[in-house]
Amino acid sequence: MSTLMITDLSEISLAAKKLLASFEEEKVIAFYGEMGVGKTTLIKAICKELGVKDTVTSPTYSIVNEYKSLKGEKIYHFDFYRINSTDEAYDLGYEEYFYSKCFCFIEWPEKIAELLPLVYEKITIVLEDQKRIISY
């Protein structure tokens with residue numbers, strides 16, 4: 001397991017580059033962390049590194065947002081915070097997304113833990129003394 005520390009928002013693009021380089025072939029990325037630790041902010045930075053020109057926002061109410069990279073590749077951003085059961089993820093058709101070979105960035109993956117693919121990347125963000133510690 002590797003770690004990164006972000007002490008200032010100006011360091012986030014470097015962290016995003018390092019994370020992207022570490023993903024290798026895996027495209028399903030689960031982001032763990034308490035409310036307000038910066039999951040969405042980090043996903044925004046990763047999307048920017050992938051060339052997304054759209055405005056990246058948390059899909060809190062829509063559950064999933066779709067973006068496109070400069071290369072035309074689809075990128076999916078999920079926020080499962082507001083779901084009450086895995087049935088809602090089934091209704092969404094999560095399999096089509098998770099097994100699409102497109103990047104899938106997932107906030108609150110613990111809400112759908114049993115639906116995650118067998119292999120995925122796990123990123124944990126912890127806020128400690130105004131520093132964000134990212135484990136991956």
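These are my notebook entries on what I looked up in this predicted model.

**Ground rules.** I number residues from 1 along each chain as its sequence is written, and I use heavy atoms for side-chain values, with hydrogens and water left out. Since the model is predicted, local features need pLDDT of at least 70 and side-chain atom pairs count only at pLDDT 80 or more, while totals for chains, interfaces and linings use all residues.

**Entry 1: the elements.** I found four helices and seven strands in the protein chain, taking helices (H or I, at least four residues) and strands (E, at least two) as DSSP runs numbered from the N terminus. Read from the N terminus on, their order is β-α-β-α-β-β-α-α-β-β-β.

**Entry 2: overall form.** I looked up the radius of gyration, taken over C-alpha atoms, for which the globule rule is 2.2 Å times the number of residues to the power 0.38. A compact globule of 136 residues would come near 14 Å, and the protein chain agrees, because its own value is 14 Å. Along the principal axes, the C-alpha atoms fill a box of roughly 40 × 35 × 25 Å.

Entry 3: Strands of a sheet pair through backbone hydrogen bonds, either parallel or antiparallel.

I then followed some of the pairs. Strand 2 (residues 28–32) and strand 5 (residues 103–107) are parallel over four bridges, and Ala 30 stands opposite Ile 106 in strand 5. Strand 1 and strand 7 run antiparallel, joined by four bridges, with Thr 3 opposite Ser 135. Strand 6 and strand 7 are also antiparallel, joined by five bridges, and here Ile 125 faces Ile 134 in strand 7. The hairpin of strand 6 and strand 7 has two residues between the strands, and in it Asp 129 takes a positive phi near 55°.

Which residues of helix 2 are buried? Lys 39, Thr 40, Leu 42, Ile 43, Ala 45, Ile 46 and Cys 47 are, where buried means under 20% relative accessible area (1.4 Å probe, protein chains only). Just after helix 2, Gly 51 has a positive phi of about 90°.

**Entry 4: the cores.** A nonpolar core is a set of buried Ala, Val, Leu, Ile, Met, Phe, Trp, Tyr and Cys residues joined through side-chain atoms within 4.5 Å. The largest one has 25 residues, of which Phe 23, Leu 42, Ile 46, Phe 105 and Ile 123 touch the most other members. Strand 1, helix 1, strand 2, helix 2, strand 5 and strand 6 each supply at least two residues of this core. Apart from it lies another core, of 20 residues, among them Val 64, Phe 78, Ile 83 and Ile 106.

Notes: Pairing = 2+ DSSP bridges. Buried < 20%, exposed > 50% of the residue type's maximum accessible area, 1.4 Å probe, protein only.
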